[in-house]
Amino acid sequence: MAAYVDELRAALGERVRTEDFERFAYGADWSPRTPKEVFPPDVVILPRETEDVRKAVEIALRHGVPVTAGGGLTGMAGGAVPIHGGIYIDATSMNRIIEVDAANQTVRAQGGATMQEILDALEPHGLWIPNLPESKWSCTVASEIACDNDSTFGMRWGKILNALLSVEVVTGRAEVVEFGHRKAHFSSSGYKVKDLFAGSEGTLGVITAATLKAEPVADGRSVDMILFPSMTRAVGYLDRLLKAGLAIDGAHINCKRRLRFYTHAYKEKHGHEPEVPDWAEALLAIILSGDRKVLDFNKKYAFKIASEMGGQPVKERDIVESWWISKHTLAFEPYKQKWPKSQTDKKFGACDPGVPMGRLEEFYRAFVATAEKHQLQILGMNAYLEHPNSIGFSCSCALFVNYRDQGEVDRFRRYFEELSRIAVDMGGTMSTYMGDTDLRVPYLEYEHGSAVAYFRELKKVFDPKGIMNPGKKLRWEGEGKCGAGAAGAGSVGGGAPAPGGDGAAGGGGR
Ligand SMILES: Cc1cc2nc3c(=O)[nH]c(=O)nc-3n(C[C@H](O)[C@H](O)[C@H](O)COP(=O)(O)OP(=O)(O)OC[C@H]3O[C@@H](n4cnc5c(N)ncnc54)[C@H](O)[C@@H]3O)c2cc1C
């Protein structure tokens, strides 16, 4: 047993786990990967307090051991998979709600609290957090920040930065630092370093607590679907609603195929898929909220504009309910709800680019063509609007991938890279909710060019020895040194070799 493991035990006692069955559960997330590509950590720790995390990082720093923090492991691109072994911090054991300040409409929680646990704590105060992924029952607040997730309600409240007041972090220097303000809702003082943690993917430090701005719960909410002959028309419609002054909580444009991902409840009830007219190429789901009178007025107004623009509201409420149940309301049972029976041997595999307004339809065609080129089974595309009160797309371009077939998984990764590059060519971005992980490391410069050199310098400030989630987001010279004093893959019970086979940072072979 490596010396650092003994030190971890001395510091954290039984909250250090090294048995195979305790480690293997942490070797994969929801990303398509073959069983050969499961990378269990050498050691798992279950911290309760920030100080536990600090001690673990301090030991890791001294021994040059990689540290990967994770939450519910529902990430879709391998962000929390410890590809270089080392210490895995299961942050879900730190899930206390520290404070609800109802008067100031803020909530502070430990990093491992799930978004649903935070919602539950806010409910008695008539407050909620609207920055919510579908996976809110599993997704922790630290992961929500670390991935910069999409939200069901992004069109009004945006992404997590719109709510993030402060983060407490154990940096790669083994120091505990609070960035931001716990009580002030905004500030022009100091640098906005807290913002760097949105999308940081655990590469700058471990998020041990966060303070979020909460919002008052509205009296009413409506969820509707409107059919449009094209995605472009659906986008034009949303633009009209914004110009009319309507506040739209959420808007999601589904292609026809993608709707099927969300219709489990409908099929259970009716025994068949919902019927969608042939002419309808885009299904816009739209969420509004407010006092009853305001809501009724807004809804009527929204429908009036829809009919002027050739949109047709979906009358069959079961279709809408089925989408909403799967999207937001039911407990997180994704296999049960979403997986067609014929697909139990396949995994959901998505690519998450963002494209400029006006290019959605063109990008959809590129998605279909790229998937077909690589002979992958298309599930469909969904464009979430994620910029508050404006039009900004996050595209979830989804496939079913046979994770037992290395050839298919490799083809999926080529599709992932090509589609990422196409989005950049269109003036968009490679990622809107999954992050770069190790998958996009080899072509990060394609989007960011010379800015990547600055990313590296920033990383050094927080993580001078490159121990924090190495191989993710960046390839940089310091990383090769990480792991020099580590137990190394396999030394505590047989871990898997580093991806790419050469132990080099970045897993460049993908
Ligand atoms: C059915 C389903 C629906 C989903 N719906 C959505 C959706 O609507 N919107 C969306 O954006 N995503 C969605 N996702 C993707 C995924 O759930 C989110 O990306 C979520 O953030 C992952 O949370 P997690 O706790 O499972 O994170 P993990 O997979 O455990 O980790 C994700 C990343 O966060 C980092 N991290 C975790 N904890 C810490 C910490 N304490 N400090 C620093 N870094 C940390 C990890 O290192 C990793 O890089 C969905 C996934 C599934 C399976």
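## The shell around the ligand

Helix α5 gives the largest share of the shell around the ligand, with 4 residues, in what is a predicted model. In total 33 residues surround the ligand, and the closest are A69, G71, T74, S135 and N149.

An N or O atom in the side chain of T74 is 2.6 Å from a ligand oxygen, while a polar backbone atom of D150 is 2.7 Å from an oxygen atom of the ligand. For E201, a backbone N or O atom lies 3.5 Å from a ligand oxygen. On its own the ligand has 980 Å² of accessible area, and the protein covers 97% of that area. The elements that give two or more residues to the shell are β3 (67-70), α5 (141-147) and β10 (205-213).

Strand β13, which spans residues 250-255, is mostly covered, as 6 of its 6 residues are buried. G250, H252 and N254 point one way from the strand, whereas A251, I253 and C255 point the other way, and all of them are buried.

Which strands pair with β13 in the antiparallel sense? One is β14 (residues 282-290), which pairs with β13 over 6 bridges, and in this pairing C255 has A282 as its bridge partner. Another is β17 (residues 377-385), which pairs with β13 over 3 bridges, and here H252 stands opposite Y384.

## Aromatic pairs

A search of the whole structure finds 15 aromatic pairs. One of them joins Y26 and Y88 in a tilted arrangement, with 4.7 Å from centre to centre and 40° between the planes. Because Y26 lies in the loop between α2 (20-23) and β2 (43-45) and Y88 lies in strand β4 (residues 87-90), this pair ties together parts that are 62 residues apart in sequence. Both Y26 and Y88 are buried.

Y262 and W323 form an edge-to-face pair, at 6.4 Å centre to centre and with 70° between the planes. This pair links distant parts of the chain, since Y262 is in the loop between α8 (256-259) and α9 (264-270) and W323 is in helix α11 (residues 317-329), 61 residues apart. Y262 has a relative accessibility of 0%, so this residue counts as buried, and W323 is buried too, because its relative accessible area is 0%. Y262 and W323 also belong to a cluster, in which ring pairs link W128, F153, W157, Y262, W323 and W324.

Key
Residues numbered from 1 in each chain as written. Predicted model: local features only at pLDDT ≥ 70, side-chain atom pairs only at ≥ 80, totals over all residues. Heavy atoms only, no water. Buried < 20%, exposed > 50% of the residue type's maximum accessible area, 1.4 Å probe, protein only. Pairing = 2+ DSSP bridges. Near = heavy atom within 4 Å. Polar contact = N/O pair within 3.5 Å; in protein donor to acceptor, adjacent residues only side chain to side chain. Areas by Shrake-Rupley, 256 points an atom, 1.4 Å probe, with all protein chains shown as cover. Phe/Tyr/Trp six-rings, centres within 6.5 Å; stacked < 30°, edge-to-face > 60°.
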